[in-house]
Each structure stands twice: as structure tokens, then as C-alpha cells.
Amino acid sequence: MKRFNKVALIPAAVAAVLAGNAYAGTEACFEVYKVADGAGVTAHDQIFGGASCPTARAGASTTGLEAINETKIAYELTGNIDIEFTNVDGAISADEDDQHIVYIPTTDIPGGTKITMELGGATFAKNQNQIHLVKNDGTTTEAVASSDGQVDGENVITFITKAGVTIGAGTRLAFSKISTDVEPIGINIKNDVCTSSDSTQTVTIKSTYAKTDGGTGYNIIGGVSKEAQSIVDISAQFHAFVDSATSEAEVNAESSDSNGDPIIARTEFVYGDNNKLTVQKSQVIFQNNFYDRTPNLDQYVILNADDDLETTVVATSEPGTTVKAKIYNAQDNTSGVVSSQIDFDDASAVANIGLTEETATVYHTDANDLFTNQDNAANTKPNTSILHQANYNKTYYVVENTSTTGVMNFNYEVQTNYKLDFGAEGAGATPALLNHCKASKGTHKVGVNGAVLKVPYVVNAEGNFVRVTNEHDEAAEVTVDVFGESANGNTGARKVTAVELGQVPAKSSVVYFVPKLIEQAVAQKGYTGADGGYAAESLGTNAANAKSADNRHTVTFTVTAPKDSVHGVSVQKIIGGTDRVMPVLDENKWSQ
């Protein structure tokens, strides 16, 4: 009785049209899929008999819907791009596959009905301001509804169904530029946000309104979508620095290497069979993964010589003048040795490591070198990953001591900052490619195989000393870095590093008198001390110490024993007063 009452309220002409299937449908459905160039709409003449859209899709038929297989496009392309569904591959392929968009109301639609369609994430384009909904009855293909008003440049358009023609429930209505056949439509996508690995977007279509009598009559529920349907899937094509863990290493502060052979302290890293893939004698190796999702996309970027990875390499403190960054493209899995070096850019094979991103040298690494598989590495990503079947290349970003005698610093981290840049094809080009956003990765962390004791202030005078204690059960080697008060401590030998001071025996202490320590700095490294500095006041009454800037120093001891087993004390002689005593500790974890 309730259903009868509703029909009774409808004007007689409309009620007659709807009587056979009135209110049978609960929503409109869409089929979106790709076909070969010129292939028609699947099951175009078959009437879908469902009252709603099934979740499982086994193919277009009277009882089922075609599986969704929408166009897939690289986000990098979407700065301002027209997508013609007559050629979803764009200019990159001769296949020119089509994509059909098919609207299926599940309730009869009488003539003169107003239907509104809405695009999400795009506007209509390249349609000569006219789109038709085209049916096929097995004999004739013809439009049964046409757009009314502006089309191109809009994301919401209105269709009016043909007067005197009833569109039966379940009829497959293909979007078309022409009224007598099916010619897939076009859209425009325009984004202005830089690309990141998480850049995704879905272009959708939805029927939002269906009302009889040109919009003045009655709502047709079976003509309206419950959910928007995806017609284009957009995602980032290029992925850099994927699944990469920071490589950690220790500078070897001892005078023998991992094989027991003599070396200059702090010229090598601590290396061995247990870490050979990430640490070699002179290298800390960051294993890195680059992916190009070309095989997963219908339209994608083809890299050329203008495309590069804009890169800066920055450390939290000075690594040492001979420490540089390099890129390699291959590694022997047995020995850990890297090979096939990639130039950081056309002007330099290696990169200087800066101390701030603002002042670091910017390098432009050829993107083809990074994203092209040059070592036949296999992509093992599972089919649940967006990177499944993507082109894959493994690279090795290396912090390397480029000199066998170069003394390295330690206790710093390296950050690699990068951005994929498309050069002349980037912002402002037509069509505009969207450069990648700047990103960064902590690639290296360098420590030392020992304790570090910093003494901020010592005086080169009689009675001043530093006492270092080694509680470990093995003897430890000791080196010291020294600098004074200079207008520029980087000049000449104003600062010296790794002055060798011998050993501290196991469970013992050694006293280092400051005058003797400075003598060793001069003898071994040519230390020149201060250049006048910022003070020339008298230190006490000793005439030999009148120029105090020549006598004040900052020293850093490196002791090759576990840091929790090493500590020290600094004693400063105060003439006519009480000696100043300062404890000197590493970042120890002792419980006092």
C-alpha cells in the first residue's frame, strides 16, 4: 500500500513510465575500464538487472559489472595536463588505448530528466563543450542524453535526457564526445603542490542529482551514485632513498688497523667481516634504493639529460678535510667492495661535505644514473606494495677518507638533502612537470672506538696537567687535538689533530703535563698555537707568560677504551692561590 501511494502522487504520464520498475533501483553504478584503441563498450547492449552496485565485479553482463581498471598517471605529470580517454597512454606509446566511462542507472529515467555529474580532482576538457550519454540497443548507437550549458573547464555538468525517450533501468550509457558512436571524453588535471613519495590523488566521477521534469519533478534515487567512482589513479612515479637505514661506523683511534697492521691513528674506520657491507677501511657505505614506477603507469615521465637529483651533503660537525662523499652503483656481496662510481654532477665526481644546508655545495646528479638499473638488481617488493614491479636500482652513498694519511674527526652525523628536479620541464613548462619536494635522509653516523675527553681550558705553564684514567682491563692508546685563540683556527696549523701520546696501561692513570703536551703538538704536527687571539693580558707575574693567548689552549683527548671506563681530571696551577681542579668525563652512564 505504501508503494502504491507514492506512485499515485506522480503525474500520470510519469507514473506510466515508471510503473514497470518504479523504485526498483537504489543507486546508479559506473563501469570504468581500459580497452584497445577503438574497441567498443563491453556488453553495451546488455541491460544490467541489479538494483544496486555489487562489490564483486566479474565482468559486464546482465547480472554483473565490469571490473574497475582506471587510467594510472604519474603525479609528476599533473602540473597541468589534458587526459584524452581516447588515448590513455598519451604521447609515450603507440598503443593509444581507450578508457570507457559508463553510467548505469538502476531505475527507469523518463525523458526530460535533469542529471548532474560531478568530477572530483579534475575538470572536463577537450570536449568541444558537449558530452553525450550514449546507449546501444544491439542495432543502433545513439545519444539519449546530452550536456546542457558549459562543459569544458567545469567540474560539474548537467545532462537533460531526450524528450519522449525512456532510458530503461540498467541501460549502459557511455560518456562520449559524439552522439552517434562512442568517442571517450577528455579531462584536465592541474596540481600545484610539489611531488613527494606520498603524493596520491584520485580523479572521481559521481552522479549527484537526477530529477524528472527538468529538475522540477521527482528525485530518482536509482539515478544517483552513493559513492564517487575513481576514473584516474594518480601517484608518484619516482621514489628515492627507500628502505634505507643509517650506516654507523667508528673512526679507528688506534695505531693499528683491524688486521693488526700499523696505521696512522684516525685515518681508517673500524672494519671487519661483521660489517663489511656498510664499513670498509676508508668508507662508510649507505645502501640506498631508487624506484621508477614506469611499468605501473599508463602515463609517466621519461627522464632526460635535464633531469637531476639536486643534492647537498651536510654534517653536524667537521668530518675532516680529506673526508668526502661519493656515490657508487655496485657492491660485491662477498667482499663488500663498492664499484662503478657515479659522478655527483658533471663538474665533480665527489662531493664536499658542508656544515649547513645553506652554505653546502649543491650538486646535480644525473637522474638517469640513479633510477636506471645498472647492476641487474631485482625488485623484490611484494604485490601489496606500490613499488611492486617498478624499475629498481640500488646505489651506495659513501662517506670516504680520500687520503691514507688524512686524519678524520668523529662524533658527527651526515644528512643528505635531495630533490628531483626536471629542469626546463619543471614549473612554468607546458605541460608542467611537478618537481619533487625537498627531502632529507640521515645517511651516516660516525663515532670513535673509544672515549672522548674534552678539556675546555689548559695553561701551558709549570704545574698544569691533565690526568687520564683507564679502568679497562686492556691498555688504551691516547691521542689529543689542540687549538688556541686565533682569529681563524682553520689557518695553517692553528689547530692540530691526533697528536700521539702513547698508551694508558690497563687499570692505570697517566699524567700529561701541559708544556710537554704542547711540545709534542709542535714536534709531531707543527702546531703554531694562537696568532694573537683576542687577549694579551698578563697571566700572573711570570714574564715568560706575559702574552696569555699563547699559553691558553683547548684540548680533546681520544682514548681507545670503552667510554664508561675512562675519566680524567684537569689541574690548573694558580700562583698564590688554590689550584683549580676540574673533572673531565665523556658522556658516561655511570651511577654516582
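Trainee: How many bridges join strand S18 (residues 308–315) to S21?

Mentor: Strands S18 and S21 run antiparallel and are joined by 4 bridges; two strands pair if DSSP finds at least two bridges between them. Strands are DSSP runs (E, at least two residues), as are helices (H or I, at least four), numbered from the N terminus. This is a predicted model, in which local features need pLDDT of at least 70 and side-chain atom pairs count only at pLDDT 80 or more, whereas totals for chains, interfaces and linings use all residues. Residues are numbered from 1 along each chain as its sequence is written, and side-chain values use heavy atoms, with hydrogens and water left out.

Trainee: What share of the protein counts as buried?

Mentor: Buried means under 20% relative accessible area, exposed over 50%, and partly exposed in between (1.4 Å probe, protein chains only). Of the 592 residues, 49% are buried. The protein has 5 helices and 32 strands.

Trainee: Where is the largest cavity, and which residues line it?

Mentor: On a 1 Å grid over the protein atoms alone, a cavity is a set of points where a 1.4 Å probe fits but cannot get out; a pocket is an open set with protein on both sides within 12 Å along at least five of seven lines, and lining residues have an atom within 4 Å of a point. The largest cavity is lined by Val313, Ala325, Phe344, Tyr397, Val398, Val399, Val414, Thr416, Thr443 and His444. Strand S22 (391–401) gives the most to this lining, with 3 residues. The volume of the largest cavity is about 40 Å³, taken as the space filled by probe spheres set on points joined across faces, edges and corners.

Trainee: What is the lining of the largest cavity by class, and what is that of the largest pocket?

Mentor: Ala, Val, Leu, Ile, Met, Phe, Trp, Tyr, Cys and Pro count as nonpolar, Asp, Glu, Lys and Arg as charged, and the others, Gly among them, as polar. The cavity lining has 7 nonpolar, 3 polar and no charged residues; the pocket lining has 13 nonpolar, 18 polar and 14 charged. About 1,300 Å³ of space lies in the largest pocket. Among its 45 lining residues, Arg266, Ser317, Glu318, Asn409 and Phe410 are the closest to its centre.
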